[in-house]
Amino acid sequence: MKIKAVSIFTKSPAVAHRNIDEETIVIKAAQFPASSSEDRVVRYFNGSGTFIWKNIDGKNTVGDIINNIVSNFDVNRAVASRHANNFIEIILREGLIIPH
């Protein structure tokens, strides 16, 4: 799926997540019966990953998330866009988020 500025995503119902300080742990449960250990996903997000994760709420567009990054971090729009798009592509591919 091509990530566009108007794309909206939400967290997958198959994930559990917990924020601890400025980091987030996300666990995607394996389908039962699991065909392999690759069906399970565990990810640890740093501060910027956690910020993006919190902004993925089924309401914010990718453009909104990029604007929020620029407003809250000392980063230009091009860098924020590249980072957000790469992060969203990875967690979408891993099934942690789904299109809204």
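I started with N67, which is partly exposed at a relative accessible area of 38%. My cut-offs are under 20% relative accessible area for buried, over 50% for exposed and partly exposed in between, with a 1.4 Å probe and protein chains only. The model is predicted, so I took local features only at pLDDT of at least 70 and side-chain atom pairs only at pLDDT 80 or more, while totals for chains, interfaces and linings use all residues. Residues are numbered from 1 along each chain as its sequence is written, and side-chain values use heavy atoms, without hydrogens and water.

N67 lies in helix 2, residues 62-72. Helices (H or I, at least four residues) and strands (E, at least two) are DSSP runs, numbered from the N terminus. I checked N67 against F51: they are 16 residues apart in sequence and 12 Å apart in space, C-alpha to C-alpha.

Next I asked which residues of helix 2 are buried. I found V62, G63, I65, I66 and I69. Seen down the axis of helix 2, these buried residues fall within an arc of 160°, so they line one face. The arc is taken from the directions from the helix axis to the C-beta atoms. On the other side of helix 2, S71 and N72 are exposed. The buried residues pack against strand 1 (9-11), helix 1 and helix 3 (77-93). I count a contact when heavy atoms are within 4.5 Å.

Then I took the helix pairs. Two packed helices are described by the angle between their axes and the distance between the axes. Axes are lines fitted to C-alpha atoms, for helices over the stretch in contact, and angles run from 0 to 180 degrees between N-to-C directions.

Helix 2 and helix 3 pack at about 130°, with axes 9 Å apart. They are therefore oblique to each other. Angles under 35 degrees count as roughly parallel, over 145 as roughly antiparallel, 65 to 115 as roughly perpendicular and the rest as oblique. From helix 2, V62, G63, I65, I66, N67, I69 and V70 meet R77, A80, S81, A84, N85 and I88 of helix 3. I sorted the residues of this contact into eight nonpolar, four polar and one charged. Here Ala, Val, Leu, Ile, Met, Phe, Trp, Tyr, Cys and Pro are nonpolar, Asp, Glu, Lys and Arg are charged, and the others, Gly among them, are polar.

Helix 1 and helix 2 pack at about 135°, axes 10 Å apart. That makes helix 1 oblique to helix 2. F51, I52 and N55 of helix 1 meet I65, N68, I69 and N72 of helix 2. This contact has four nonpolar residues, three polar and no charged.

How do helix 1 and helix 3 cross, and at what angle? Their axes come within 11 Å and cross at roughly 70°. That makes helix 1 roughly perpendicular to helix 3. S48, G49, I52 and W53 of helix 1 touch H83, A84, F87, I88 and I91 of helix 3.

I stayed in helix 1 (residues 47-55) for T50. T50 counts as buried, because its relative accessibility is 3%. Leaving out residues up to four places away in sequence, T50 touches N19, E22, E23, T24 and F45.

Last, I looked at D21, in the loop between strand 2 (15-20) and strand 3 (23-28). D21 is exposed, with a relative accessible area of 71%. Its phi is near 55°, a positive value in a residue other than glycine.
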